[in-house]
Amino acid sequence: MKENAKSYVTKYSETETKRNEFHQLLERCTGILNLPSAARRLFNEKGKEIFTVKDLQRDELVYVSCGEHWISPDLSIAHQKKQILLRNLASDISKIQTFCSTRKIEALVLEVQRDIVSGAKLAVCEPAATFGGEKQITEPEEEQVQKNALTTEGASSKSLDSHARAHLRMEACHTRLKYAWQETSHNFKEGDGFPKKIQEELFENVEPQRKYSHSPKRSKLQKLCHQQFEYRDGQIISHAVPQLVLGVQGPDLHSGVEVVLVEKKANDSHQRWMHKEGSRTFHLVRNPDLVLAVCMTKTGGEGCGYAVIVQKYKPFNNGTSNQKWNYIENMKAFMAFHSTALDKEITAANYAGICTSSVVKEENIDQPGYYYVSPAGKKRMMLCLACGRSMRAEKGLKQLLPGLPFLCASGSETQKPFSRGPFKAINVAEADLSSYEAERTLSYYEEHLLSLRMKTCTHVVSPSGTAAPHQKAVKIIAYKNGDGYRNGKLIVAETFPMLLTECTKQLGLIRAASKAYTKDGTAILSLRDLVVWALDEICIHRDSGEQKKEAAPLGTKETTIKTMEENPRLKVKNELFPTSVTSESLDGIDESLFTLLHRNPIAIWVSCGEPFISPSALQKAKKLEKENWLKKDKVLADLDTMKHKMRQLKGRRVVACQPATMVPNESPVQPVVVEGGWTEQTPEEMKLMELIRHTEAHLAEVRERQPKRCSPAAARRASLEQSSLYEQPSARRVWAYPNGCRPEDGTYAWGRTVPELLDDCSSRLKMARPARALYTPGGEPIVSWDDVERDMVVCVSTRRGFITQKELKQVVEIRANYARIRRQQGPQATDIVVSPLEKLQSRVHPHDL
């Protein structure tokens with residue numbers, strides 16, 4: 001194990017060293033070339049991206065970018081400017097799309113993700129119930145709407161169907177012990193129950209989920225239980241499991257820490273909240289500057305919601321809607337984003353990186369922002385959050401204090417230096433993203449981007465300066481790199497950038513597609529290269545058997561010419577299928593060959609810059625894995641059969657009760673030897689036991705060859721643990737049991753050091769006093785962390801000394817006898833005085849004392 005860890009450290013350190021060398025090269029390029037931002041990507045002359053310094057040659061020409069795709073230097077300057085404009089416009093449109101999707105957030109309630117257990121994360125999702133009385137908050141009517149946000153009606157058990165009522169009766173009859181997560185309250189009071197409309201839908205169809213969701217489907221009743229909380233005595237308590245409350249874990253308390261369910265403790269300030277009705281916020285008692293907030297980044301796909309965190313309180317009227325909540329007491333629900341429409345729009349604009357002056361035209365509003373003094377020192381220029389972040393490196397900005405309404409300087413037509421703000425191609429003053437114009441503005445810029453792309457594709461200029469020939473549409477089936485032949489998407493494209501854009505969209509890539517490969521690993525840089533490769537593949541796999549059959553196998557040159565003249569079909573076929581295809585000879589190829597090419601789609605594998613992963617290698621690995629699993633299943637089946645046979649043989653031997661045989665022996669020590677009998681194993685049993693041992697050893701070998709599967713959470717945890725260069729994961733799991741008890745009475749405990757392991761053992765074993773020492777089952781003390789091995793059995797003691805279960809029983813009996821004697825005969829019965837014998841006193845002389 002230590003050798004494997006050492007080799008892993010060496011390999012990881014080499015990878016980290018190469019990464020640091022590459023980052024140092026990019027930093028030097030940034031300074032030497034005086035780039036506007038940090039250099040991020042490196043390309044060679046052919047446009048291939050370089051990831052390590054080892055891939056570079058001495059005196060090689062490379063191209064550096066700040067994150068943009070590679071632009072060929074052979075293209076004209078005008079075409080390069082068009083490509084840069086298209087990318088900048090696409091980036092701005094992406095920001096507007098994010099704003100339009102985020103500003104529509106409404107009616108999201110607090111919910112527990114997955115199971116209601118300690119440590120479960122929380123998010124805000126769509127409610128299981130319909131909040132019929134909810135209205136949009138307006139500033140003068142805010143308090144009145146909070147009182148009438150929801151209307152409820154009494155509910156009775158008659159609205160439940162017979163199946164649900166039977167479950168309730170069975171649970172009322174059984175009084176067996178349940179865990180905290182199993183106890184759910186079904187007895188609802190008249191004024192504290194579900195609305196009648198909700199109860200009529202509780203046991204109807206299951207809520208539709210996403211097709212590829214990894215979380216189990218939950219009914220409306222289960223989801224409603226996950227969304228019910230009570231605010232009582234300064235704690236936000238789960239209604240389904242009252243022992244769990246909202247809190248934060250860990251001593252490192254800062255803005256951005258996730259809020260989770262923790263066990264309820266009365267005096268823990270990490271789980272107590274202070275509700276301020278004026279600001280509609282919940283402040284953490286441990287640090288009142290931190291409030292309950294919603295993280296604007298989604299936790300997953302469409303089915304997931306937004307994570308709940310603690311965030312630094314922002315005392316602004318706008319731009320802080322994710323910190324404002326509405327506690328609906330009669331529904332036991334916490335509604336997020338309980339604020340005005342303007343506040344929601346400003347919050348969405350700050351998150352998407354859009355200037356707030358595009359949302360609010362010519363109106364001063366109270367919002368977070370920055371300011372700096374003009375060079376003349378006479379005027380303060382005020383900027384919103386998005387503009388301030390984009391210009392922080394250029395200006396010495398300072399944060400604005402709350403209570404100072406302003407309009408961002410980027411929205412003013414007179415401020416030319418700030419006309420674009422956070423945008424790269426769009427003018428802030430021209431972009432109207434107000435409540436009723438945002439969707440129309442987004443559609444306009446999307447159509448404008450599409451028209452520019454079409455113009456750029458039709459006016460491509462070749463390196464020689466002449467117009468490049470029009471490339472016909474190519475039918476392609478695209479796969480994600482590393483997925484093999486799974487989940488292919490059919491795409492028809494006329495240009496290579498259009499192909500990459502469609503692949504990014506249809507394959508659902510996390511980043512923009514930048515590389516395309518064929519099945520043999522050939523990198524494709526243009527559609528022309530892809531057509532050349534496909535034609536070359538057709539030439540290689542053409543029907544050679546038919547050609548050999550039609551052509552003469554042996555003969556002179558004259559015979560071959562004669563055969564060609566007599567067989568015109570072969571002549572035409574040789575013209576259609578040349579021996580090799582190049583980019584220069586592509587124009588001279590017959591059109592019928594292109595028809596044959598476009599009949600079937602060309603398979604490509606698209607990546608976001610990662611190296612190519614061969615689909616054939618993936619198929620071989622999956623096949624080998626399947627064979628190993630089948631082999632393991634066969635071995636397990638054989639092992640179960642042999643064990644069953646062993647039990648049958650043993651049972652027959654015991655039931656038969658055959659007597660033993662007395663065999664005389666010449667030895668005077670043991671003249672008679674007992675042989676056989678029902679207590680001795682038969683030869684068939686011993687042979688079968690030996691076969692079982694060999695099968696178990698073979699099963700262990702098969703399991704070692706199988707790859708270990710881990711959950712996404714474990715993979716994420718492993719990646720976080722590998723983030724450090726020199727610190728290796730040292731957390732170990734042990735089986736701990738209290739001193740003087742049986743090992744079966746223990747439980748698992750984790751730790752990275754001996755003190756941490758002692759603390760974890762004290763909490764998990766629920767010891768009355770803190771654990772102080774660790775021992776092996778044999779009584780040897782464990783002093784250093786090197787003596788602790790993974791999954792080892794340890795004895796935990798609250799004092800210095802190891803004691804077995806037998807010794808503990810003796811101590812308990814002595815104490816019980818002592819207490820019994822004092823209770824029966826009085827306290828003087830245990831006052832024992834030991835005096836020496838008279839003979840011993842006579843032998844002692846006075847001068848010896």
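K634 is exposed, because its relative accessible area is 56% and exposed means over 50%, buried under 20% and partly exposed in between, with a 1.4 Å probe and protein chains only as cover. Good morning, colleagues; I begin there and then widen the view.

The structure is a predicted model, in which local features need pLDDT of at least 70, side-chain atom pairs count only at pLDDT 80 or more, and totals for chains, interfaces and linings use all residues. Residues are numbered from 1 along each chain as its sequence is written, and side-chain values use heavy atoms, with hydrogens and water left out.

Let us return to K634. Which residue meets the side chain of K634 in a salt bridge? The partner is D638, at 3.3 Å from N to O; a salt bridge here is a side-chain nitrogen of Lys or Arg within 4 Å of a carboxyl oxygen of Asp or Glu. Helices (H or I, at least four residues) and strands (E, at least two) are DSSP runs, numbered from the N terminus. D638 is partly exposed, at 34% relative accessibility.

Is D760 buried or exposed? D760 is buried, with 16% relative accessibility, while R764 is partly exposed at 42%.

A further salt bridge joins D483 and R486, with 3.6 Å between the closest N and O atoms. D483 is buried at 19%, and R486 is partly exposed at 45%. The count of salt bridges comes to 15.

I turn now to the loop between α19 and β28, where K766 is found. K766 has a positive phi of about 55°, although it is not a glycine, and counts as exposed at 72% relative accessibility. R769 lies in the loop between α19 (754–764) and β28 (773–775), and R769 is exposed at 52%.

Finally, consider helix α20, residues 805–825. How far apart are its end C-alpha atoms? They are 30 Å apart, which agrees with the 30 Å that its 21 residues should span at 1.5 Å a residue; the expected span is 1.5 Å times one less than the number of residues. Just after α20, G826 takes a positive phi of about 100°. Thank you for your attention.
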